[in-house]
Amino acid sequence: MPHPIYIEHGTGAHFTDIDGNTFLDCNAGWNAAFLGRAHPAITSAVHDAMTTLGAPGGSMHPSPKRDEFARLLCARVPGAEKMVFAPSGSEANTYALRLARSYTGKQTVIRMAGGYHGQHDALLGEQSSKTGTAPAAQNNIVTVPFNDLTAARAALEAHHDTVAALIVEPMMTIPGAIHQRGHYLKDLRTLTTEFDVLLILDEVITGCRFAQGGASEYYGFDPADLVVMGKMLGGGLPTAAVVGRGAILEQPISASNTHAQNPVTLAAAVAALELSTADEYRRVASMGERLRSGLRACTESLPIPVQITGDGPCAGIHFTSDDVHDYASADAANDDLWRLMCVGITNRGLGLTSRTFGPTIAWTDTDVDHALDVFSSTIVDISHAASATEVSTR
Ligand SMILES: Cc1ncc(COP(=O)(O)O)c(C=O)c1O
């Protein structure tokens with residue numbers, strides 16, 4: 001905002017626009033590039049695959065890269081016995097719903113208010129336009145607030161005869177890095193098991209960002225029945241997958257897709273997995289922690305209330321005095337101040353395209369310092385401007 005930035009070139013954690021302005025990428029290429037831009041290992045994997053195989057879709061005649069990738073991913077993600085490929089997170093979630101409904105023979109799906117799972121008509125949420133979708137698509141969807149175990153239990157009790165699955169992002173990203181409170185995810189795992197309902201973890205964002213095994217490894221809870229991954233999974237190229245229990249993945253759903261299993265994409269995905277080591281995850285998470293604590297320290301004494309949320313490498317900023325733990329509390333924050341901050345940080349060289357942001361493997365400690373400087377000075381400026389002009393600070 002207020003206008004799109006056209007990128008002319010970029011490497012690592014930085015990119016330059018067509019006017020010559022350079023930015024620190026705070027959103028990892030919309031959460032698709034954990035290694036940063038133009039990483040040499042990705043570039044060379046793509047080049048090799050392109051020159052030896054070309055880039056047709058891979059579904060009908062898979063390359064050995066497919067099995068290499070599947071073995072690598074299933075070895076990392078707890079509970080992953082088999083997988084289904086997709087070219088995007090939206091399609092992977094579509095397949096996850098089909099698998100769950102086919103396996104259980106039930107139709108209802110419980111989702112979180114403010115959760116985003118892509119473009120499946122049934123899962124479009126509060127922030128997405130529903131124009132052009134069939135209203136009936138959402139008939140079997142029940143919505144509960146994130147971080148509210150009592151509401152999840154009540155929904156399961158009310159619909160236990162018909163619920164196939166509960167789908168949740170381990171950290172809500174569209175409303176701004178809303179992290180679990182207490183052991184919410186572990187408790188959801190226990191609750192869904194108690195009601196014999198499948199737990200689908202939508203790890204399209206957290207899967208390749210929190211730990212090698214995704215959120216269940218990071219937070220330490222029993223594996224979900226299905227895990228959906230995408231975005232960073234392809235090392236910047238489009239790929240996604242559903243992994244999980246073999247018996248569920250073996251359901252004979254329709255999942256044919258021209259661009260799933262593309263050998264060039266999967267070559268990049270294998271390179272990305274190999275470079276995403278446990279040490280790198282620890283380093284990136286500690287940069288995220290430093291970013292959040294630095295933001296907290298700078299905003300504590302300001303005349304406007306600010307909440308800093310997030311976990312692992314991810315952070316969110318909310319201009320409100322209330323605790324932000326679900327969509328409603330995030331939505332009640334001051335949006336004008338958020339937008340003002342976005343303009344300010346953009347003018348000062350931070351590339352931010354969504355409310356969840358933070359470091360990637362391509363960042364260094366100097367980038368964290370730079371991000372903190374820019375966020376801090378901008379928030380200080382807008383807080384003074386807001387108090388001077390008596391902008392509502394809610
Ligand atoms: C949690 C989550 N699930 C699914 C999707 C959809 O993925 P895609 O844009 O690849 O279709 C997104 C995209 O932002 C997402 O954040």
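Asn147 counts as buried because 22 C-beta neighbours lie inside 10 Å; a residue is buried if 20 or more other C-beta atoms lie within 10 Å of its own, exposed if 12 or fewer, and partly exposed in between, with C-beta atoms placed from the backbone. Although Asn147 is not a glycine, its phi is positive, at about 70°. The residue lies in the loop between strand E6 (141-144) and helix H5 (149-159). Helices (H or I, at least four residues) and strands (E, at least two) are DSSP runs, numbered from the N terminus. The structure is a predicted model, in which local features need pLDDT of at least 70 and side-chain atom pairs count only at pLDDT 80 or more, while totals for chains, interfaces and linings use all residues. Residues are numbered from 1 along each chain as its sequence is written.

Gln261 is likewise a residue other than glycine with a positive phi, here near 65°. It is found in the loop between helix H8 (246-249) and helix H9 (263-275). Gln261 counts as buried because it has 24 C-beta neighbours inside 10 Å.

| Residue | Location | Phi |
|---|---|---|
| Gly12 | turn of the E1 and E2 hairpin | about 55° |
| Gly20 | hairpin of E2 and E3 | near 90° |
| Asn147 | not a glycine | about 70° |
| Gln261 | other than glycine | near 65° |
| Gly349 | just after H12 | about 95° |

E1 and E2 run antiparallel and are joined by 4 bridges, with Gly10 opposite Phe15 in E2. Their hairpin has 2 residues between the strands. Strand E2 (residues 14-17) and strand E3 (residues 22-25) are also antiparallel, joined by 3 bridges, and Thr16 stands opposite Thr22 in E3. The hairpin of E2 and E3 has 4 residues between the strands.

Helix H12 (residues 335-347) has 13 residues, which should span 18 Å at 1.5 Å a residue; its end C-alpha atoms are 19 Å apart, which agrees. The expected span is 1.5 Å times one less than the number of residues. Leu337, Leu340, Met341, Ile345 and Thr346 are buried in H12.

The protein is divided into domain 1 (7-31 + 277-389) and domain 2 (40-275), with bounds from an automatic or database domain assignment. The contact takes 24 residues from domain 1 and 26 residues from domain 2, where two residues are in contact if their C-beta atoms, placed from the backbone, lie within 7 Å. On the side of domain 1 that touches domain 2, helix H11 supplies the largest share, 4 residues. By class, that side has 10 nonpolar, 10 polar and 4 charged residues. Ala, Val, Leu, Ile, Met, Phe, Trp, Tyr, Cys and Pro count as nonpolar, Asp, Glu, Lys and Arg as charged, and the others, Gly among them, as polar.

The ligand has 13 residues around it, of which Ser88, Gly89, Ser90, Gly118 and Val204 come nearest; a residue is near a molecule if its C-beta atom, placed from the backbone, lies within 6 Å of it. The shell divides into 3 nonpolar, 8 polar and 2 charged residues. Helix H4 (residues 89-104) gives the most to the shell, with 3 residues.

Terms used: Two strands pair if DSSP finds at least two bridges between them.
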